[in-house]
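Let's take a walk through this structure together, one kind of side-chain interaction at a time. Have the model open in your viewer and follow along.

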Amino acid sequence: MMARPWQTPQLLLAILVALVALTHQERRKTFMSVEEVPVSEPHVIATLQFVINDFNKKSDDKYNFRIVRVLKVRKQVTDHMEYHVNMEMRRTTRQKLETTNCMFQEGELYKQIECFYSVFVVPWFEKYKILNKNCTDG
């Protein structure tokens, strides 16, 4: 049985719509879970270390910063893992090239900032990538 002439364009349009819908579905992330997690979780500790090292390396400040307090950590699992971290950091007395333990700055060099980071993490390969970063003076 042959398709009628007016059915062919409708069939082609239906196929085109189906292909576009499937392509769009492939690009979307499928969220498996989003949960708040404790700072003591091993992958969180490693992620925080990566974040602070990256911050200090890219900062123009003469002194290193250190985390004062982690306000919240959320873990998002999709086709990969992401940590979303809210934290407070303060300037320390340690300059960039020093390796000694250090205290936080006081007086006129005191500086505290609040930061939000989104970090792509593949912990079993020790792969980290900062997806989003926003720091403001505290």
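A salt bridge here is a side-chain nitrogen of Lys or Arg within 4 Å of a carboxyl oxygen of Asp or Glu. Before we use that rule, a word on the ground we stand on: this is a predicted model, in which local features need pLDDT of at least 70 and side-chain atom pairs count only at pLDDT 80 or more, while totals for chains, interfaces and linings use all residues. Residues are numbered from 1 along each chain as its sequence is written, and side-chain values use heavy atoms, with hydrogens and water left out.

Side chains of opposite charge can pair when their charged atoms come close. How many salt bridges does a search of the whole structure find? The search returns five. One of them joins Asp 61 and Arg 91, with 2.7 Å from N to O. This pair links distant parts of the chain, since Asp 61 sits in the loop between α2 and β2 and Arg 91 in strand β3, 30 residues apart. Helices (H or I, at least four residues) and strands (E, at least two) are DSSP runs, numbered from the N terminus. Asp 61 counts as buried at 15% relative accessibility, and Arg 91 is buried too, at 11%. As for the terms, buried means under 20% relative accessible area, exposed over 50%, and partly exposed in between, using a 1.4 Å probe and protein chains only.

Next, look at Lys 75 and Glu 41, whose side chains meet in a salt bridge at 3.7 Å, N to O. Lys 75 belongs to strand β2, while Glu 41 lies in the loop between β1 (33–36) and α2, and the two are 34 residues apart. Both of these residues, Lys 75 and Glu 41, are buried. Glu 106 comes from the loop between β3 and β4, 16 residues away from Arg 90.

Now for the rings. Rings of Phe, Tyr and Trp (its six-membered ring) pair if their centres lie within 6.5 Å; planes under 30 degrees apart count as stacked, over 60 as edge-to-face and the rest as tilted. By this rule the count comes to two aromatic pairs. Phe 50 and Tyr 128 are stacked, at 5.1 Å centre to centre with 20° between the planes. Phe 50 lies in helix α2 (residues 42–58) and Tyr 128 in strand β5 (residues 127–137), so this pair ties together parts that are 78 residues apart in sequence. Phe 50 is partly exposed, with a relative accessible area of 25%. The other pair, Phe 55 and Phe 65, is edge-to-face, with 5.4 Å centre to centre and 75° between the planes. Phe 55 is again in helix α2, and Phe 65 is in strand β2 (residues 63–77), 10 residues apart. Phe 55 and Phe 65 are both buried.

A search of the whole structure also finds one disulfide, meaning a pair of cysteine sulfur atoms within 2.5 Å. The disulfide joins Cys 115 to Cys 135, with 2.0 Å from S to S. The torsion about the S-S bond is about 115°, so the disulfide is right-handed. Cys 115 sits in strand β4 (residues 112–122) and Cys 135 in strand β5, 20 residues apart. Cys 115 is buried at 2% relative accessibility, while Cys 135 is partly exposed, with a relative accessible area of 26%.

Finally, turn to the packing. A nonpolar core is a set of buried Ala, Val, Leu, Ile, Met, Phe, Trp, Tyr and Cys residues joined through side-chain atoms within 4.5 Å. Which members of the largest nonpolar core touch the most other members? Of its 18 residues, they are Tyr 83, Met 87, Met 89 and Tyr 117. The elements giving two or more residues to this core are α2, β2, β3 (81–95) and β4. With contact taken as heavy atoms within 4.5 Å, and residues up to four places away in sequence not counted, Tyr 117 touches residues including Phe 55, Tyr 83, Met 87 and Cys 135.
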